[in-house]
Amino acid sequence: MPPKFDPKDPAIAELIATFQTIGLSPSKATDAARNPKNAALLKDLIVTNSLHATSLDEKRASLIATFAIQAGSLGENERTYVVKAIVDGRLKSVDQVSAATKYLESHASPIDEASFNETCGVGVNLSIEEVSTRVKTYFDGQNVDSWAGLMTFINSAKATPELRWASPLEVKTATERLFTEKFGPKETGGKPKAKEPKAPTGAKADTTASDITSPSSTPAAPPERTVFEEGFLGKLHKPGGNPQINPKLTQAHLAATHAKVMTRFPPEPNGFLHIGHSKAIFINFGYAAHYGGLTYLRYDDTNPEAEEARYFESILEIVRWLGFEPFRITYSSDYFQELYDLAAELTKRDKAYICHCTGEEIHAARGGENRGPRTACLHRTRPVEESLTEFQAMKDGKYKPGEATLRMKQDLEDGNPQMWDLIAYRVLDAPHHRTGSKWKIYPTYDFTHCLVDSFENISHSLCTTEFIQSRQSYDWLCDALEVYKPRQSEYGRLSLQGTVMSKRKILKLVKLGHVKDWDDPRLYTLIALRRRGVPPAAIINFVSSLGVSTTGSNIQTTRFEQSIRQYLENTAPRLLMVLKPLRVTLENVAEDYCEMIEKPFHPKVSELGKSMIPFTRTLYIDADDFRIQDSKDYFRLAPGKTVGLFQGPHPITCTSFKTDDAGNVTELICRLENGTGGSGTVPKPKAFIQWVAEHAASGSPVRVDEARVFLPLFKSDNPAALDDYLEDINPDSLEVIQGAMLEVGFWPLAKQSFQAAKAEAEKRTATAASSVSAEEEKKAHADDDTPVATAAQLFGNEVVRFQGLRVGYFALDKEAHLGCLAEEHEDKTGRFEGDRIILNRIVSLKEDSGKAAS
């Protein structure tokens with residue numbers, strides 16, 4: 001475990017004092033010092049900008065502290081610019097500071113002040129009347145029919161350009177006033193269960209299976225809708241707008257596609273998808289769906305040496321888990337014969353030749369490491385018939401790997417390396433998972449990609465900017481063969497700081513035991529995020545919020561986690577949870593005292609339901625909520641002190657405590673402040689804490705076998721750039737807590753969440769299976785092992801997720817076993833023999849000023 005944070009440590013105390021000089025309150029200054037990296041950045045901002053000599057109010061000081069969390073990706077000039085904008089009052093909110101950080105990540109000095117101000121909402125001051133007018137205008141364009149859609153509407157309205165910089169409170173007030181006018185008072189207007197909104201990206205599925213426990217769990221529509229109409233994606237051509245070498249090719253394409261947008265997601269099945277792939281999935285599937293088009297899931301399986309069956313299955317599962325349904329599943333290997341025929345045709349046209357150079361010789365002829373003069377291969381001018389004969393010999397297995405390749409005859413004088421006679425075919429001595437040993441030669445990515453795009457009539461070949469140079473060779477090959485030429489367009493890739501995404505690096509982590517497997521929740525593979533409990537819609541919301549441009553996004557993990565936290569805030573049920581239980585005995589109530597309390601799963605989202613929990617003589621609180629030595633700035637439990645109990649009937653006051661031989665506190669003796677004492681008055685508590693009761697009859701408390709808390713796997717922001725990233729591993733990245741306790745509402749919640757997810761998954765899968773394309777695909781792949789859509793792909797233990805009040809957000813791990821979730825126990829709940837409850841912390845809670853000094 002990492003060293004315990006101690007505000008009395010001289011170094012930390014000095015930091016806290018420094019932070020208070022800029023206007024932070026003692027509690028906020030203490031919070032700011034908790035994270036060493038963020039604290040160092042804040043201190044640097046203070047010193048560099050002489051903030052200790054600047055008179056700041058607490059709000060601006062808090063914005064400076066917030067900026068320090070985000071500032072790691074910016075240079076000193078950019079940091080100073082933001083600090084000055086906060087100090088002079090141009091940036092007035094956390095939202096504006098976040099926008100400023102995002103803007104400066106892609107706009108280095110000198111900074112265009114006008115562009116910066118417009119992007120960050122500087123100077124935008126909307127009156128209450130203007131906010132009300134804009135809320136009503138937005139409402140008129142939405143399909144909202146009851147109070148049940150309130151939170152979804154507010155979240156989506158705040159994301160529109162018109163209300164982006166309005167006061168959130170004023171947006172909420174204006175919305176509630178409007179809803180009252182439209183649907184009557186909230187108390188009497190009723191709250192019928194809201195219809196599930198359509199997926200924002202236009203995907204076939206209405207929502208993701210793991211998010212059906214809340215009507216507000218579908219991501220807000222406008223961000224996902226407008227991202228396809230603005231910026232990079234908004235400038236893409238319409239179907240048929242991509243020029244062709246022959247106009248008849250355009251006519252044939254439009255006839256085949258009925259002028260629909262056609263995209264594809266073409267992963268290599270040689271590893272598990274990571275967070276960066278979620279952007280590619282979102283863009284390709286989302287863009288096509290938004291415009292009524294279709295998307296292929298195409299496995300680019302041209303390298304049989306690296307492909308495994310489990311990768312094929314996982315890719316389809318993740319695509320569907322994120323909320324999308326492929327129009328059709330195809331493989332590059334479906335077209336091996338067509339590709340071979342076109343390679344032969346290219347050779348007949350004297351635009352390809354057989355080369356016997358080694359890899360080293362080819363590299364040298366292309367100019368070597370120093371990119372010197374290029375020289376043509378001595379085989380480049382060989383007769384066409386000779387190359388055709390040699391190509392057939394390659395196909396027949398005459399050559400071993402490395403002895404012969406088919407190279408495209410491009411333009412060695414061009415400045416683009418992708419035009420320097422790329423390899424089209426090579427010999428590989430490996431059986432293929434689908435074609436067996438039929439082929440001895442396999443096409444390369446550079447030859448395959450554009451041609452399969454052409455075969456499938458792709459209108460928009462969307463990929464990341466690392467393939468910009470490949471666009472020229474992509475176009476050259478299609479034109480050389482006079483086939484339909486899709487348009488390749490490139491967007492910036494998504495990466496996260498503080499982790500590694502390289503398949504090779506992750507594999508090494510797995511093999512050396514630094515992580516348990518590819519789905520270890522400390523990784524950022526999509527199967528790891530799913531196992532951790534991150535909702536798929538939260539990932540889509542996050543990706544959409546970043547926008548799409550040609551600039552890459554290198555995002556801090558804290559920003560990603562904050563996005564998850566915001567999503568869970570109004571979608572995750574809340575349970576009373578005690579991580580480190582400390583026994584409490586109420587001395588002034590009877591041994592058999594029991595009061596059943598009705599408790600909502602969420603104070604603001606009644607649709608999530610409620611539970612009944614017992615309140616008895618014996619309770620458990622978190623050990624961190626008690627201390628022997630009291631202080632003025634401490635508001636939780638101490639000898640002689642009173643605290644409230646969340647959703648409990650009365651406060652309690654500690655009258656004494658017991659310790660073991662080592663001096664550790666083992667039990668608290670408390671008085672229930674129910675007004676029955678001598679004075680008849682009930683002390684007013686200054687803080688509230690969570691609790692669970694001991695009550696065997698109802699199965700309370702629910703005992704947790706393991707609660708796993710995940711911390712960053714690496715110590716630096718960019719471990720991939722280090723000479724030895726293994727040296728950067730954080731040895732304390734996993735904390736396993738045994739013996740935590742939950743309220744008994746966990747059981748009905750788990751049952752409800754799992755059954756609802758299962759029902760939605762079955763419904764969605766049945767719908768997908770009934771489509772015409774699915775029927776055609778079933779026939780096309782009747783005799784092979786192509787993965788198929790199943791309900792089981794869409795839900796698992798991770799759909800059981802909740803907020804442990806004042807503790808964090810948690811989800812059930814795949815290794816957990818709950819007997820009540822089995823089909824044979826459909827009508828039963830509670831603990832079964834052999835049950836094992838294992839929880840993963842999804843994300844922590846935001847620091848709460850009400851949870852003061854520890």
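Glycine 292 follows helix α15 and has a positive phi, near 75 degrees. The model is predicted: local features need pLDDT of at least 70 and side-chain atom pairs count only at pLDDT 80 or more, while totals for chains, interfaces and linings use all residues. Residues are numbered from 1 along each chain as its sequence is written, and side-chain values use heavy atoms, with hydrogens and water left out.

Helix α15 has 16 residues and reaches 22 Å from its first C-alpha to its last, close to the 22 Å expected at 1.5 Å a residue; the expected span is 1.5 Å times one less than the number of residues. Helices (H or I, at least four residues) and strands (E, at least two) are DSSP runs, numbered from the N terminus. Because 15 of its 16 residues are buried, α15 is largely enclosed by the rest of the structure. Buried means under 20% relative accessible area, exposed over 50%, and partly exposed in between (1.4 Å probe, protein chains only).

Strand β2 (residues 294-299) is likewise largely enclosed, because 6 of its 6 residues are buried. Leu294, Tyr296 and Arg298 point one way from β2, and Thr295, Leu297 and Tyr299 the other way. In a regular strand the side chains alternate between the two faces of the sheet.

Strand β1 (residues 262-265) pairs with β2 in the parallel sense over 4 bridges, pairing requiring at least two DSSP bridges between the strands. Threonine 263 has threonine 295 of β2 as its bridge partner. Strand β3 (residues 328-331) also runs parallel to β2, joined by 4 bridges, and arginine 298 stands opposite threonine 330 in β3.
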